[in-house]
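The sequence and the structure come first, and the description follows.

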Amino acid sequence: MKSIKDLEAIRQRTLDEVNLRNDRHGIRVVVGMGTCGISAGARPVMMEFVEEIKRRGVKDAMVTQTGCIGVCRLEPMVEVYMPGQEKVTYVLMNPEKVARVVGEHLINGRPVTEYTIGYVEAQEAQGK
Amino acid sequence: MDLFRSQVLICGGTGCTSSGSPELIRLFEEKIRDVGLDKEVKVVRTGCFGLCEMGPIVIVYPEGAFYSHIKPENVDEIVNEHLLKGRIVRHLLCREAVEQQGATKSLDEVDFYKKQKRVALRNCGVIDPERIDEYIAFDGYKALAKVLTEMTPQQVIDTIKASGLRGRGGAGFPTGTKWQFAANSVSDQKYVCCNADEGDPGAFMDRSILEGDPNAVIEAMAIAGYAIGANQGYIYVRAEYPIAVKRLQVAIREAREYGLLGKNILDTGFDFDLDIRLGAGAFVCGEETALMQSIEGKRGEPRPRPPFPAVKGLFDQPTILNNVETYANVPQIILKGPEWFSSMGTEKSKGTKVFALGGKIKNTGLVEIPMGTTLREIIYDIGGGCPNGKKFKAAQTGGPSGGCIPASLLDTPIDYDNLIAIGSMMGSGGMIVMDEDNCMVDIARFFLDFTVDESCGKCPPCRIGTRRMLEILERITEGKGEDGDIEKLETLAKNIKASALCGLGQTAPNPVLSTLRYFRDEYEAHIYEKRCPAGHCKKLLKYTIDPALCKGCSLCSKVCPVGAISGEIRKPFVIDSSKCIKCGACMEKCRFNAISRK
């Protein structure tokens, strides 16, 4: 790259991919892969997402990694960005939970409420 | 029929009509036209929803947001926030609808996130750190392009100065001033260094930034290089952070491929390149002069200052050294302006600060809050308080150089100067929360044990003085404390602070001094009553059997590994404290809760 124009071109090219608003195109599955996430078992979760998406033939979905989101207590965390939907944050994930998220959320558009952050926190609060 | 991305359903049933929905329909249509969304958003009048008591009701699809009791003055907000910016106006939502959904589904809506303000962490948890394109998509390297094409080096320094940014590594030195010193030094070779030798127990802010957004640090270092006239940078990062190191390497490689590092960056004639140096985990290498020695390949030992690194630093050349989090703020300041940054925070501490919450707190994790937020907000509103209903006792900030803040000072707004005033310090941002079960003397002993291990041994006050302090603390926690120990600790602390060579030694007594200041009674209980009020110090505990509760089952005497418990079946047993090793096995085994520990 030799100019600011090139920089701007890269920015435009990547913008829709990382578009976090609900007018985005395509599905973005983001797995927290900071030290906290990895030690809590994020790697098998990410691999399972890749496999399951391949198995179910989900079109236009991208699995990607990111750093520490901050809630290390609830790792492994996965955030799902779907076109036309608000972001959904899944917590305390494991490979067994992945198939349901792919089937119900990615394919049928219905978030798996029991795995979401709000639900898990509410359960915890009631448990006290 | 035309396609609309969103539909606003307004109830036109009798109930809602009488509570004013026709007026709402008119206002929505008018306002949507005003903001130019009339091709995208459709207003639909519907029949009765059956919840007339909550009318007028407005539902926005595709989200299905269910607004109740909507008044004409709410229309603006729904159109601007929800339709234009895509953010549901939660306070107007029907309360039951929120509860029925059972859960907020996204992280952004939980309490933990609401009070945070993410500047240094803005990309962490959002972008893929191993793809520079994603960083660029979020305005990455735009700040570098801006300084190289539109600003002079002095303008860059003035911007940083005006923002009020202070060093996030702990001491809080004004960053712009530091850059100015280095810029003023005349030399044909200067260096930009990044201190990523994060060593405080419980701190992981810098690691998370490097793992989550390595390009922000690289971009900021290039900006710093332009500002002071340096073309080489070094990132000094601990080898114990393999993921951070790997992602930095990937980011540096990608930046070089794109020509954002190297020769003639963005065709402006500016050259800048970066290398990584791995630290072997010595705590003292976080001290600036020791760090530079270590980069040079020498033993990491501090040297007296002046000369300061800005005059004579790495390889005896003018050098600036900033912390990871400090750098992570820089590109944002350049892009959004110093006024934006200085609008956050307190009078003397601007911007935000990242804290790593740990210890006895529910939401262990990483938070970024504006300076001036109170400790109470951090610990209770964001952190969720102590788990298991235990009582909060103190928060430790600043690691081995900092101190403990007691519950009575929970409402102190956090900034550099306030923390110093109450005997602690900002430090790099580790915050360890302690509850009623923590013994403050033992906490002081723990931190001193750490500094004694990590002292490089160059200067006697630190090498010998901290060792003597640790010995006294160990005696106290073992029940061998004597009258006069507290005074000895205070004298030693004062002398070490005044005479140690570097920051490590000068601040090492702080954990002892601050616990003495706020928890002197605990020290006195250990020394004079041979008692640990928190029930933590093992050697001071005493196990006793309550004769009224003991059924004489003999289980305890069977598990006791040293035969300290004796008695007759069906009669109360007794523990011989001279034999007891305080292992607690009897207490676990007793079925009648007859054994107590004090």
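## Overall make-up of chain B

Chain B contains 24 helices and 18 strands, and the model from which these elements are taken is a predicted one. Along the principal axes, the C-alpha atoms of chain B fill a box of roughly 90 × 75 × 40 Å. Of the 598 residues of chain B, 50% count as buried, and among the contacts in this chain with a separation of 6 or more, 71% are accounted for by residues 24 or more positions apart.

## Domains of chain B

The domain assignment divides chain B into domain 1 (6-103), domain 2 (132-340), domain 3 (352-435), domain 4 (440-528) and domain 5 (542-597). The C-alpha centres of domain 2 of chain B and domain 3 of chain B lie 27 Å apart, and the contact between these two domains takes 15 residues from domain 2 of chain B and 17 residues from domain 3 of chain B. On the side of domain 2 of chain B that touches domain 3 of chain B, the classes are represented by four nonpolar, six polar and five charged residues.

## Contact between the chains

How many residues of each chain take part in the contact between chain A and chain B? On the chain A side there are 40 residues, and they are in contact with 41 residues of chain B. The elements of chain A that give two or more residues to this side are α1 (4-15), α2 (35-40), β2 (61-66), β4 (88-90) and α5 (117-127), and α1(A) gives the most, with six residues. Sorted by class, the side of chain A that touches chain B has 17 nonpolar, 16 polar and seven charged residues.

## The sheet of chain A

In chain A, four strands form an open sheet in the order β2-β1-β3-β4, with mixed pairing. Because β2 and β4 of chain A stand at the edges and each has a single partner strand, one side of each is left without a neighbour in the sheet. From one strand to the next, the twist averages 20°.

Strand β1 (residues 27-32) of chain A is joined to β2(A) by six bridges, and the two run parallel. Within this sheet, Gly32(A) stands opposite Thr66(A), which belongs to β2(A).

## Nonpolar cores and a covered helix

In soluble globular proteins, nonpolar side chains tend to be buried together. The largest nonpolar core of this model has 178 residues, of which Val31(A), Val217(B), Met221(B), Ile223(B) and Val433(B) touch the most other members. The element that gives the most to this core is α11(B), with eleven residues. Once its neighbours within four places in sequence are left aside, Ile223(B) is in contact with Ala143(B), Leu144(B), Val147(B), Val156(B), Val330(B), Pro331(B) and Ile334(B).

Helix α9 (residues 175-184) of chain B is mostly covered, as seven of its ten residues are buried. These are Thr175(B), Gly176(B), Lys178(B), Trp179(B), Gln180(B), Ala182(B) and Ala183(B), and they pack against α8 (153-163), α11 (214-228), β9 (319-323) and α14 (324-336) of chain B.

## Backbone details

Most residues other than glycine have a negative phi, and most peptide bonds are trans. Where does this model depart from the second of these patterns? The peptide bond from Glu75(A) to Pro76(A) is cis, with omega near -5°, and Pro76(A) is found in the loop between β2 and β3 (78-81) of chain A. In chain B, a cis peptide bond joins Pro306(B) and Pro307(B), with omega about 0°, and Pro307(B) has its place in the loop between α13 (288-295) and β9 of chain B.

Positive phi values in residues other than glycine occur as well. Phi of Asp60(A) is near 65°, and this residue lies in the loop between α3 (42-56) and β2 of chain A. Asp60(A) is exposed, with 9 other C-beta atoms within 10 Å. Asn593(B), which is not a glycine either, has a positive phi of about 50° and lies in the loop between α24 (585-589) and β18 (595-597) of chain B. Asn593(B) counts as exposed, with 9 other C-beta atoms within 10 Å, where the cut-off for an exposed residue is 12 or fewer.

Notes: Residues numbered from 1 in each chain as written. Chains lettered and ligands numbered in written order. Predicted model: local features only at pLDDT ≥ 70, side-chain atom pairs only at ≥ 80, totals over all residues. Contact = placed C-beta atoms within 7 Å. Nonpolar A, V, L, I, M, F, W, Y, C, P; charged D, E, K, R; others polar. Pairing = 2+ DSSP bridges. Axes fitted to C-alpha atoms, helices over the stretch in contact; angles between N-to-C directions. Buried ≥ 20, exposed ≤ 12 C-beta atoms within 10 Å, placed from the backbone. Core = buried A, V, L, I, M, F, W, Y, C linked by C-beta atoms within 7 Å. Domains from an automatic or database assignment.
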